[in-house]
Amino acid sequence: MGNILWVASYPKSGNTWVRAFLENYIQNAEQGVDINTMHKISTAESAAHRFQARLQDGRKTTDLSLDEICALRPAVQADIAMQAHGTTFVKTHNYLGTYKEYPLHNSSVTSGSIYIVRNPLDVTVSMANYFGYSIDETIAYMAEEMTGTPNEPENVPQVITSWSMHVSSWTQNPEEAKLVLRYEDILDDPKKVFRKIESFLGLKKDPNRLKNAIKHSSFAQLKAQESKRGFVEKHENAKSFFRQGSKNQWRQVLSDEQVAKIVEHHGEQMARFKYLPGKLR
């Protein structure tokens, strides 16, 4: 068993929030962890500089095809594991599977995963705002079976797939080394949910440490930090990374037709996580 613990999610589903909690819990400092150092203390699987370290002949990661990137992934992830001291938390938006014959996550260096799932109705609203898409464009993007992110200087492409395929890949087969969390449950009872993380990691119950980490990783605190210092992980098209962080935004934004389309695409997985809407209006 390896030492990478994946913090996985579909985009705009709470990945950064959970990583902020982990960082604050581990450091247990009087002041909150600077959100702009989280990528240094933990890491993102897609960070281009890690792939760049394995290239020669002056090539850059942006010169590589998706096939070439995916062929490098197992070795890059082995590098991450080898360079870490003990368990290391690694962000990923890749679905849990393969691209062609290439595994997107190296099982030999993996210890487990924390997966965060969020209502796709709200994910649609959040993604549209964040990436500058229309609602209909976002609905179509989230329904594509093989979609992902572009090859950019700071990040290599990620193979995301549809919302349903992504959620199913990470949650369909329960394992001891896997913790699945609902974004909405974190909002409703952060103490209860983050205690689950504490327990999952095999850590002794520490109420004061838990309370401190929850305080410093609250959405209000993260948003305040971004307003003051900016956030290195913010996409260039977005006005801010931390926007509302609430649930049921879709009720004020999506039309009945758009809700029906999302349910048509993702109804099976929505039902599993109690996301099917009742009366719409």
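**Reading the model**

Reply: Asn 248 is found in the loop between helix 11 (219-229) and helix 12 (250-253). Helices (H or I, at least four residues) and strands (E, at least two) are DSSP runs, numbered from the N terminus. This is a predicted model, in which local features need pLDDT of at least 70 and side-chain atom pairs count only at pLDDT 80 or more, while totals for chains, interfaces and linings use all residues. Residues are numbered from 1 along each chain as its sequence is written, and side-chain values use heavy atoms, with hydrogens and water left out.

Me: What is the phi of Asn 248 near?

Reply: Most residues other than glycine have a negative phi. In Asn 248, phi is positive, near 65°, and the residue is not a glycine. Asn 248 is also partly exposed, at a relative accessible area of 35%. Here buried means under 20% relative accessible area, exposed means over 50%, and partly exposed lies in between (1.4 Å probe, protein chains only).

Me: Which phi does Lys 12 have, and is Lys 12 buried or exposed?

Reply: Lys 12 is not a glycine, yet its phi is positive, about 60°. Its place is the loop between strand 1 and helix 1 (15-27). With a relative accessibility of 15%, Lys 12 counts as buried.

Me: How many residues has the largest nonpolar core?

Reply: A nonpolar core is a set of buried Ala, Val, Leu, Ile, Met, Phe, Trp, Tyr and Cys residues joined through side-chain atoms within 4.5 Å. The largest one in this model has 40 residues, and Tyr 10, Trp 163 and Leu 254 have the most contacts inside it. Among the elements that give two or more residues to this core are strand 1 (4-9), helix 4 (66-83), strand 6 (110-117), helix 5 (120-131) and helix 13 (256-272). Helix 5 gives the most, with 7 residues. There is also a second, separate core of 20 residues, which includes Val 7, Phe 21, Ile 197 and Ala 213.

Me: Let us turn to charged side chains. What does the count of salt bridges come to?

Reply: Side chains of opposite charge can pair when their charged atoms come close. A salt bridge is a side-chain nitrogen of Lys or Arg within 4 Å of a carboxyl oxygen of Asp or Glu. By this rule the model has 8 salt bridges. In one of them, Glu 45 pairs with Arg 73, with the closest N and O atoms 2.4 Å apart. Glu 45 lies in the loop between strand 2 (43-44) and helix 3, and Arg 73 lies in helix 4, so the pair ties together parts that are 28 residues apart in sequence. Glu 45 counts as buried at 1% relative accessibility, and Arg 73 is buried at 0%.

Me: Which residue forms a salt bridge with Arg 195, and how many residues apart are the two?

Reply: The partner of Arg 195 is Glu 198, at 2.7 Å from N to O. Both belong to helix 9 (residues 190-200), where a spacing of 3 residues separates them by about one helical turn. Glu 198 is buried, with a relative accessible area of 1%, whereas Arg 195 is partly exposed at 24%. A further salt bridge joins Asp 185 and Arg 182, whose closest N and O atoms are 3.1 Å apart. Asp 185 counts as partly exposed, at 30% relative accessibility.

Me: Which residues form a positive surface patch?

Reply: Patches are made of residues with over 30% relative accessible area and no salt bridge; like charges are joined within 9 Å, and nonpolar side chains (Val, Leu, Ile, Met, Phe, Trp, Tyr) within 5 Å. Accessible areas come from the Shrake-Rupley method with a 1.4 Å probe, and for residues only the protein chains shown count as cover. Lys and Arg count as positive and Asp and Glu as negative, while His and the chain ends are not counted. The place of a charge is taken as NZ of Lys, CZ of Arg, CG of Asp or CD of Glu. In this model, Lys 191, Lys 205, Lys 211 and Lys 215 form a positive patch. Lys 215 is placed in helix 10 (residues 207-216) and is exposed, with a relative accessible area of 51%.
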